[in-house]
Amino acid sequence: MLFSAPAFAAGDGERATPVAGGMLTIGADADPIGLDPTTVTAFSSSDFLALIYTGLLRWNAGMGIEPDLAVSYEMPDEKTYIFKLREGVKFHNGQDFTAEDVKYTFDRILDPATASKLRAQYSSISAVTVVDPFTVKFELEAPNAAFLNYLATAPDGAIVPKGVEDLATKPVGTGPFVFESYQPNQQFTLTANPDYYEEGLPYLSKVVFRFYKDQSTLSSALRSKAIDMTWLKDPKVAALMTRTSPQLVSAPGQTSRTFPIWLNMKAKPFDDIRVRRALSLATDREACVQTVLGGSGKVGAMIPESQVGGYDGVGEMPYYRHDPEAAKKLLAEAGYPDGIDLGDYIVVAANPLDVACAQILQQQWQAAGITVKLMPMETAPLLNQWSTGTWPTLLSVALSWTPDADAIFQYLVSDSKFGKAIGVSDEKLDAMIAAARSEVDAAARAARNMEIQRYIADNVYIMQVYQYPLRWEIWWDSVKGYEPLAANIRSFVRTTWRDE
Amino acid sequence: MKRMILARLVWTAAILLGVSFVAFMLVRALPGDFAQAAAGAQNVAPEVLEAARRDLGIDRPLLEQYLIWLGQAARGDFGNSFVTRQPVLGELLPRFIVTFQLTLIAGIIAMAMGVATGLASARLRGRADWIVRIYNGCILAVPNFIVATLIVLIVGLYFPQIAIFNYTPFFTDPLANVSGLLLPALSLALAVSVTISENTRAAVLEVSGQDFVMVARAKGLLPRTVLTNYLMRNAMTPIVTVTGLQVATLLGGSILVETIFAIPGMGQYLFDSITGRDYPVIQAIVLLASAVVVLVNMLVDIAYARIDARAQT
């Protein structure tokens, strides 16, 4: 692991005893769009949902899975999971939590009429059965190693109360905090759940999110202590802030996000593997890590290090060495002896890190005779081109953390939405991905995932540059007991307390 | 006079109808929509996005969408924001007040600076005139977002004790509220002040040469009296007109200035709504801003007619 995460911030975990009470103010950069975990599509909602709802399982600080609303589970066979549920848990509206709610939650996700984005990742569930009020059985169509990871992820595994309407605006969960009020663009307020099932938790009596749409306002709000905690997008800003104010704690967490270049392989010149390999050879990935991230990241492959079998940034990957001469030779073989003009390279204009990396790549490729024209674009039309496969040659949009490596590989499955957009059609790869998904043994699965990543790098189906934590979390050291999580949510606000 | 006002009101309604139609079609012509923007870079199934579009009603034919929107707008319902699912009007009003405050302060600054420099340049002539005119030329050449960025940079570097991104609501602390708006208002006001300055200069020069001013001087009136009672009074008409017409510039400029200074006003709201493709919000703001501009222009015309008998036909 590149980043060591201290068990407790500022390393005084054993000295101080948690104090109950107090308020935590968090600076957020985006409003939630809907608060029903089943129907939500926006990533920005997760941060809020993760404190209101809980699921059967959850991630611990080391990204291991532990029981949450479940107390234990057993697997009579590879396709069946039986969960024993916690008793005496109440939803925020006073309703008792039982197996019926679990069944209701998943039936609702799987009902096509709900149009839940989660339906795809739970599509392997064939039945959810209530065995008794505190026992629930999941039957899968095929072994699925990703299943438990999805359940552990907030809000993907969040359990909603049966028969409660309007969760999108009036969320009701079992989580440590209860929704109090929301003023769009201004403030989102949560209060401690007095009936929360973990003894003594949460310590805080109130959590307030304040919205600051841009990074400079966010960092000056933190500096002026208008907020206690936030996360920043640029590691260099976070590093500078902790250097100038030693009372600020910055812990980046594990790498959870990759910066890929999506190649349009449906047409010339990227339908030729030699051109793709030449591009990979022309790229000095380590230089990008050093310049753009100030070293706070690693060379990336298809899945980040926080996933099972994630690439560690140093292991050997095909065509990852920086060799402009070999790149030129490959281009000549492919029929471009005088170099090649790849046209537009589209990047997210609103993301300075992406633009900075693209500029460096442009220079690196130039040395191998590859010319691109940078085209920073507004996010909405960029996403439109990306998801419909209409970008001309190269496009970059970062891949954020997903609950399971399989979700990342899904981008490259033939005939899927993105498979078609990219123009990948490879039965061997499809079979490898399917096999990895049904491999329940973690070590064996890690090996398979690594094999898939090598295969993708060898074929340069997608060109990965680097991996890094999605956000650089930063907070004043009067905030104790908090831990950043690679899963991109602030689950550990439940163990956070104020030392003042 | 009544007839003229009535005719102007009918004309105003027609303009707003046209604006609403163009704004409606323009935002929908932008590539990318709300469903896609909200899903971001996640692998979301097409049918999920389709369901979201259906839910918002943006999958229907454009004309149908427009007529539905128009019907609701006619009854004062501007729909709900896609992001927050709250009525647009309720979200817009507090922001409109912030922008109104900002443009008002900017207007006052622009007026004060413009009239002062214009008057100085017209009365003092010579070197003062040149300095003002060169200054005006420079300011006019620099767009307000560059001025705003420079102010942020300079204050951030040399006056760290001044909080730049620190908007305080009026009812929390009126003084902090107004002082927090001064720098943004200044960056908004500079370009406008130049227009006012140039027009003041021209108007004062024109009036100075007129017979009644000479007569007033010949009567031996104090120069101050000539200035306030004869010169400025007559020069004021074009100055007021020009200032009124600058409301559109101020409103337009507030989009960038509010975004740069993180002021939770209508401009910042519009910027966020455009990037997030929150159609109902964009439409409501464009309509409201157009209404303000058209109404101010109408008021200027009416005021002009009242001040100047020649315009009353």
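Predicted model: local features only at pLDDT ≥ 70, side-chain atom pairs only at ≥ 80, totals over all residues.
**Entry 1. Domains of chain A**

I began with how chain A is divided. Domain 1 is made of three stretches, 1-31, 184-252 and 472-500. Domain 2 covers 52-163 and domain 3 covers 257-468. I then looked up how domains 2 and 3 of chain A stand to each other. Their centres, taken over C-alpha atoms, are separated by 34 Å. Domain 2 of chain A gives 12 residues to the contact, and domain 3 of chain A gives 10 residues. On the domain 2 side I noted six nonpolar, four polar and two charged residues.

**Entry 2. An open sheet in chain A**

In what order do the four strands of the open sheet stand? I read the order as β4-β5-β7-β6 in chain A, with antiparallel pairing. β4 (70-77) and β6 (125-132) of chain A are at the edges, and each has a single partner strand, so one side of each has no neighbour in the sheet. Neighbouring strands of this sheet are turned against each other by 20 degrees on average, direction ignored.

β6(A) is joined to β7 of chain A, residues 135-140, by six bridges, and the two strands run antiparallel.

Next I asked which helix lies across β5, β6 and β7 of chain A. This is α2 of chain A, residues 99-110, and it runs at about 165 degrees to β6(A).

**Entry 3. Parallel strands in chain A**

I moved on to β15 of chain A, residues 340-348. β15(A) pairs with β16 of chain A, residues 370-377, in the parallel sense over eight bridges. Helix α9 of chain A, residues 352-366, belongs with these two strands to a β-α-β unit, which is right-handed.

β15(A) also pairs in the parallel sense with β17 of chain A, residues 394-395, over two bridges. I used Ile346(A) to see both pairings from one residue. Its bridge partner in β16(A) is Met375(A), and its bridge partner in β17(A) is Leu395(A).

**Entry 4. Cis peptide bonds and positive phi**

Most residues other than glycine have a negative phi, and most peptide bonds are trans.

The peptide bond from Leu201(A) to Pro202(A) is cis, with omega near -10 degrees. Pro202(A) sits in the loop between β9 (187-192) and β10 (206-211) of chain A. A cis bond also leads from Lys268(A) to Pro269(A), with omega near -5 degrees. Pro269(A) is in the loop between β13 (257-263) and α6 (273-281) of chain A.

Asp415(A) is not a glycine, yet has a positive phi of about 70 degrees. The loop that holds Asp415(A) lies between α11 (405-409) and α12 (417-422) of chain A. Is Asp415(A) buried or exposed? Asp415(A) is exposed, because 9 other C-beta atoms lie within 10 Å and the cut-off for exposed is 12 or fewer.

Arg277(B) has a positive phi near 60 degrees. Its place is the loop between α12 and α13 (279-307) of chain B. Arg277(B) counts as buried, because 27 C-beta neighbours lie inside 10 Å and 20 or more are needed.

**Entry 5. Chain B as a whole**

I counted the elements of chain B next. How many helices and strands are there in chain B? The tally is 13 helices and zero strands. The C-alpha atoms of chain B fill a box of roughly 85 × 55 × 35 Å along the principal axes. Of the 313 residues in chain B, 35% are buried. I also checked contacts in chain B between residues at least 6 apart in sequence: 75% of these join residues at least 24 apart.

**Entry 6. Where chain B touches chain A**

Last I looked at the contact of the two chains. Chain A brings 34 residues to the contact and chain B brings 29 residues. Helices α2 (34-39), α3 (46-56) and α12 (266-276) of chain B each supply at least two residues of the side that touches chain A. Which element of chain B gives the largest share? α3(B) does, with five residues. By class, this side of chain B has 16 nonpolar, eight polar and five charged residues.

Note on methods
Residues numbered from 1 in each chain as written. Chains lettered and ligands numbered in written order. Pairing = 2+ DSSP bridges. Axes fitted to C-alpha atoms, helices over the stretch in contact; angles between N-to-C directions. Contact = placed C-beta atoms within 7 Å. Nonpolar A, V, L, I, M, F, W, Y, C, P; charged D, E, K, R; others polar. Domains from an automatic or database assignment. Right-handed = clockwise from strand over helix to strand, strands pointing away.
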